[in-house]
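Please load the model in your viewer and keep the selection panel at hand. The tour below moves from one selection to the next and says what is to be found at each stop.

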Amino acid sequence: MCMVLALLLNLLLEMLGSRSVFLGLRFLFVHPVIFIYNALIIMLTLSVALFFSFRRPLLLTISSVWIGLGVANSVLMKFRSTPLSAIDFKVLQSAYSIIGIYLTPLQMVLIGVAVLCVAAGVVVMFVKAPRSRPQYKKVVPALILTAGFVLMPVNTVIKAEDMTSKYESITDTYANYGFACCFTYSIFNTGIEQPEEYNRQEVFNILEGLNVASNNQPQEQPNIVLVQLESFFDPAYIKGVTYSEDPVPVFRQLKEQCSTGFLRVPVVGGGTANTEFEVLSGMSLEFFGIGEYPYKTAISDQPCESVSFDLKELGYTAHALHNNTGTFYDRNKVYANLGFDTFTSSEYMRDIERNPLGWIKDKVLAGEIEKALQSTPGRDFVYAVSVQLHGKYPEGPVYEDPPIRVQGAESQKMENSLTYYVNEVREVDAFVGELVQRLADAPEPTVLVFYGDHLPCLDLEESELETGDLYQAEYVIWSNFGLPKEDKDVDAFQLTAEVMGRLGMNNGILTKLHQQQAGTQEYKQNLKALQYDMLFGGKYSYIGRKAPKATDLKMGLEELSISAVTNDTAYVYIHGTGFTPWSVVKSGTRQWEDTEYLSPSLLRIEAQPKEVKGSIIVEQVSDNKTVLSESAPFRYT
C-alpha cells in the first residue's frame with residue numbers, strides 16, 4: 001500500500017507542480033529513475049505510519065500533508081513562477097498582510113472548509129478505523145532498505161552543485177529533479193557548503209591578491225541612489241504583442257542616453273528579496289540552498305558585507321525606503337545587518353495612493369528619496385524598493401477605458417493581465433521620469449540607478465521573449481553631472497561594484513573581487529570561498545580589518561514624539577511630530593486601534609480624559625500588528 005500510494009502521490013505532485021496532467025506523466029517517462037527516487041522519499045515518510053497500530057489514519061494524514069504541499073506549490077507557481085521550498089514557511093508572517101490580493105474571500109473560505117474536511121476525515125479514521133499490531137520484523141527491514149535507497153544517491157542525485165549550477169534556476173531544478181526531492185532537500189540544505197580547500201591561508205591568499213588594504217580616494221563623491229523596480233521590464237520584449245502607445249517612454253529614453261545593460265537576476269516572477277540581497281551584498285545566491293532567502297537564514301542574526309558598509313567607510317549615511325510594510329521579508333530587522341542607518345517603510349509615509357490591487361503607487365517614493373537626500377549635510381546612499389507592479393495580475397478586465405490597449409495576446413486572460421500590467425508600468429515609468437527631474441537640478445552631485453528585480457509573473461516562456469531569457473532584467477545609470485555612457489551586461493551581485501568602479505571607488509572586499517577578477521578562471525571559486533568565510537566560516541577575511549557591525553536602525557526619518565495632549569467633550573487629541581495613518585495611540589496597556597490620523601502633528605481618539613490619563617505613547621504599527629517604533633512616553637494628567 002505504501003509503495004503504490006507513494007507512486008500515485010508523486011505523480012499527483014508532478015501534475016500539480018507543472019499544472020498539467022500531460023507534463024506530470026511526461027516527467028514519469030522522461031525521468032523514470034528520478035521519479036522512482038522521489039517516490040521513495042514519499043514512501044519513507046509514509047513508512048512511519050507502519051510502526052503504529054492506527055497506521056491507516058496516519059497514512060491519510062501524511063498523504064494529506066504531501067497533497068497540501070503540492071497544492072501550495074501549484075498556487076505559488078501560478079502567482080510567482082517560483083516553486084514552494086521549505087524557506088517559504090519562514091516568510092508566512094510576511095504573507096498574511098497581502099493574502100487578500102492573491103485569494104478572494106470565497107477562495108479563502110473554500111480552503112478553510114477543505115482543511116476542516118480533511119481534519120474531520122482524519123479524526124473519523126482514528127476513531128473508526130480498525131487497528132492492528134505492527135509487524136516490526138517486516139517493517140524495520142523495509143524502512144532501512146528504503147532509507148538506504150534514499151540516502152545512497154545523495155552525492156549523485158541531489159548534490160548541491162548539481163542542483164544549482166547545472167540548472168540556472170530553482171524552477172528548472174524542480175522540473176528536472178522533482179518536487180519531493182527538491183522540497184525535502186530545501187529543508188536540510190541551507191547556507192553555503194564549505195569549499196574543499198577552505199582554510200585560513202587560502203583566504204589570506206585571496207585577500208593578498210586583491211590588495212584589500214588599499215582603497216582609492218575618489219575626487220568626486222556623489223550621492224548614490226539605487227531604485228529596485230518591482231517586476232519592471234519593457235513589454236516590447238514580448239513577441240507578437242503590440243501596444244497602442246509605448247508603456248515605458250522615459251526608461252527607453254534613459255537607455256538611449258545613459259549607461260545600460262541587462263542585469264542577470266536569480267529569480268523570476270517573485271523572490272524580490274533575493275535580487276535585493278545580491279545587489280546589496282555583492283554575494284551570489286548560486287552557492288546557497290535551493291530557494292533559500294538569506295534574509296530569513298544567513299543574515300537574519302548577523303551582519304553581512306554590503307555596499308552600505310563599504311560607502312560608510314567614505315562617510316556616507318545609508319537610507320532604505322520601501323512603499324510596503326516594513327516587516328515584509330523582515331526588512332525592519334535585516335537592514336540593520338546590512339548597514340542601513342534609517343529605514344522608511346510605508347508606515348512612515350503619507351499622501352499615498354493605491355492601485356486597483358491595493359499596492360501603494362511608486363510615485364510616493366520620489367518625495368521620500370528627496371527627503372532622505374536632504375536629511376543629512378553629507379553624502380547619502382539611498383536604496384529604494386518599489387512595489388506598485390507586484391502581482392498577481394488580474395485575468396479579468398480592470399479598466400473600462402485603459403490608456404494603453406494591448407493587441408496580439410495569445411488569450412483573453414493574457415490580454416487582460418497584460419493590459420493591467422502595461423497601464424501600471426506606464427505609471428511606474430512616469431515615477432522614474434519624475435525622480436530624474438527632481439534630481440536633475442539638485443545642489444549635490446547624484447548618481448541614480450534604476451533596475452528591475454525580476455520579470456513579471458505573466459506565465460511567459462523564454463521562446464516568447466525577444467531576449468530569450470527569463471532571468472534578464474535591465475538597468476540604467478543616470479547622473480546629474482554627465483557620467484559617460486558605457487553599456488555592459490552584469491550579474492545582480494556585480495551591480496554595485498560596477499557603479500562604484502565608475503565613480504573611482506573600490507571600498508569593500510567583494511567590491512574589489514568583482515572589479516578585479518570578474519570573468520577570470522578563479523573568480524567564482526574565490527567568491528564562494530569569501531562568502532562562506534564571511535557568513536559561515538572562520539571570518540578570516542576580517543582579521544586585521546574592521547568587520548561589519550549591525551547598525552542601530554532608525555525607523556523613519558522624522559522623530560516620533562508627543563508634545564501635548566488636549567481634549568474636548570468627545571475626543572482626546574494628541575499633538576506631536578512624525579504621525580502617519582499607521583500611528584496608534586497607546587495609554588497604559590490599551591492600544592487605541594481606532595486612532596484617527598488628522599495631520600503629521602495631530603491624532604485623535606474617541607475617549608474621555610479619564611480613560612487615557614497616565615503614560616501615553618504613539619506607536620507605528622504595521623498591517624500585521626507589529627510595533628515598528630514608538631515615541632517617548634508622555635505623562636497626561
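In sorting lining residues by class, Ala, Val, Leu, Ile, Met, Phe, Trp, Tyr, Cys and Pro count as nonpolar, Asp, Glu, Lys and Arg count as charged, and the others, Gly among them, count as polar. Bear in mind throughout that this is a predicted model.

**The second largest pocket**

Begin by selecting S18, M77, T171, A175 and E461, which are the closest to the centre of the second largest pocket among the 33 residues that line it. The space in this pocket comes to about 940 Å³. By the classes above, its lining holds 15 nonpolar, eleven polar and seven charged residues. Which helix gives the most to the lining of the second largest pocket? That is helix 11, with five residues.

**The annotated transmembrane spans**

Next, select residues 28-51, 58-79, 99-127 and 139-158, which an unreviewed UniProt entry marks with the feature "transmembrane region". Taking two of these in turn, residues 28-51 are 75% helix and 0% strand, with their end C-alpha atoms 30 Å apart, whereas residues 58-79 are 100% helix and 0% strand, with their end C-alpha atoms 32 Å apart.

Move on to residues 222-504, which the unreviewed UniProt entry annotates as "domain: Sulfatase N-terminal". This span is 28% helix and 17% strand, and its end C-alpha atoms lie 11 Å apart.

With the strands displayed, follow the open sheet of nine strands in the order 10-3-9-8-1-6-4-5-11, where the pairing is mixed. Strand 10 (490-491) and strand 11 (554-555) stand at its edges with a single partner strand each, so one side of each has no neighbour in the sheet. Then select strand 1 (residues 223-229) together with strand 6 (residues 380-385), which run parallel and are joined by five bridges. Within this pair, I224 has F381 of strand 6 as its bridge partner.

**Two backbone details**

Centre the view on G391 and K392, which are joined by a cis peptide bond with omega of about 5 degrees; K392 is found in the loop between strand 6 and strand 7 (406-407). Then go to Y329, a residue other than glycine whose phi is positive, near 60 degrees; Y329 has its place in the loop between strand 4 and helix 17 (331-337).

**The cavities**

How many cavities of 30 Å³ or more does a search of the whole structure find? There are three, and two of them are visited here.

For the largest cavity, select F232, F233, D234, Y237, F251, F262, L455, L465, T467, Q472, A473 and E474, which line it. The space inside is about 80 Å³. Strand 9 (residues 472-479) provides the largest share of this lining, three residues, and by class the lining has eight nonpolar, two polar and two charged residues.

For the second largest cavity, with a volume of about 50 Å³, select the lining residues L280, S281, G282, E305, S306, V307, D310, T496, A497, L510, T511 and H514. Helix 15 (272-281), helix 16 (307-312), helix 20 (495-502) and helix 21 (509-517) are the elements that give two or more residues to this lining, and the largest share, three residues, comes from helix 21. The lining of the second largest cavity divides into four nonpolar, six polar and two charged residues.

For the last stop, display the open sheet of four strands, which has the order 12-13-17-16 and antiparallel pairing. Strand 12 (561-567) and strand 16 (596-599) are its edge strands, each pairing on one side only, and from one strand to the next the twist averages 25 degrees. Finally, select strand 16 with strand 17 (residues 602-606), an antiparallel pair joined by three bridges, and look for Y597, which stands opposite L603 in strand 17.

Terms used:
Residues are numbered from 1 along each chain as its sequence is written. This is a predicted model: local features need pLDDT of at least 70, side-chain atom pairs count only at pLDDT 80 or more; totals for chains, interfaces and linings use all residues. Side-chain values use heavy atoms; hydrogens and water are left out. On a 1 Å grid over the protein atoms alone, a cavity is a set of points where a 1.4 Å probe fits but cannot get out, and a pocket is an open set with protein on both sides within 12 Å along at least five of seven lines; lining residues have an atom within 4 Å of a point. Grid points are joined across faces, edges and corners, and a volume is the space filled by probe spheres set on the points. UniProt positions are given in the numbering used here, feature names are shortened, and annotations may be inferred rather than shown by experiment. Two strands pair if DSSP finds at least two bridges between them. Axes are lines fitted to C-alpha atoms, for helices over the stretch in contact, and angles run from 0 to 180 degrees between N-to-C directions.
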